[in-house]
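Me: I have a chain open and want to go through its surface. Can you help me read it?
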Amino acid sequence: MEMAIASASVQMAMSNTQQALAVGMLKKNMEYSEQSMEAITEMLNSMPSPDGRGMLLNVRA
């Protein structure tokens, strides 16, 4: 009986560790994606118009 309790405890600890690792990796991935999207947005906002007469209109405003 003690072995079953110990085994269940070890399995729960491993499960918690795996879940914490997965959440941490997801958080890092989301932060990286957010930074990438900010860089793309900045690049789009600084894009000149194709006819060379200034900046493109900001249609998101």
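Reply: Start with a definition: Asp and Glu count as negative, while Lys and Arg count as positive. Also keep in mind that this is a predicted model.

Me: OK. Which residues form the negative surface patch?
Reply: That patch is made up of Glu31, Glu34, Glu38 and Glu42.

Me: Where does Glu38 lie?
Reply: Glu38 is part of helix α1.

Me: And why does Glu38 count as partly exposed?
Reply: Its relative accessible area is 44%. Partly exposed covers what falls between buried, under 20%, and exposed, over 50%, so Glu38 belongs in that class.

Me: Switching topic. What about a nonpolar patch on the surface? Which residues form it?
Reply: Met37, Ile40, Met43, Leu44 and Met47 do, and together they have about 470 Å² of accessible area.

Me: Where does Met47 lie?
Reply: Met47 lies in the segment that follows α1, and α1 covers 2-45.

Me: Buried, exposed or partly exposed?
Reply: Met47 counts as partly exposed, because its relative accessibility is 36%.

Me: Now the whole chain. How many helices and strands are there?
Reply: The chain has one helix and zero strands.

Me: How much of the chain is buried?
Reply: Of the 61 residues, 2% are buried.

Me: And the accessible surface of the chain?
Reply: About 5,900 Å², with 65% of that belonging to carbon and sulfur atoms.

Notes. Residues are numbered from 1 along each chain as its sequence is written. This is a predicted model: local features need pLDDT of at least 70, side-chain atom pairs count only at pLDDT 80 or more; totals for chains, interfaces and linings use all residues. Side-chain values use heavy atoms; hydrogens and water are left out. Patches are made of residues with over 30% relative accessible area and no salt bridge: like charges are joined within 9 Å, nonpolar side chains (Val, Leu, Ile, Met, Phe, Trp, Tyr) within 5 Å. Accessible areas come from the Shrake-Rupley method with a 1.4 Å probe; for residues, only the protein chains shown count as cover. A salt bridge is a side-chain nitrogen of Lys or Arg within 4 Å of a carboxyl oxygen of Asp or Glu. Helices (H or I, at least four residues) and strands (E, at least two) are DSSP runs, numbered from the N terminus. Buried means under 20% relative accessible area, exposed over 50%, partly exposed in between (1.4 Å probe, protein chains only). The place of a charge is taken as NZ of Lys, CZ of Arg, CG of Asp or CD of Glu.
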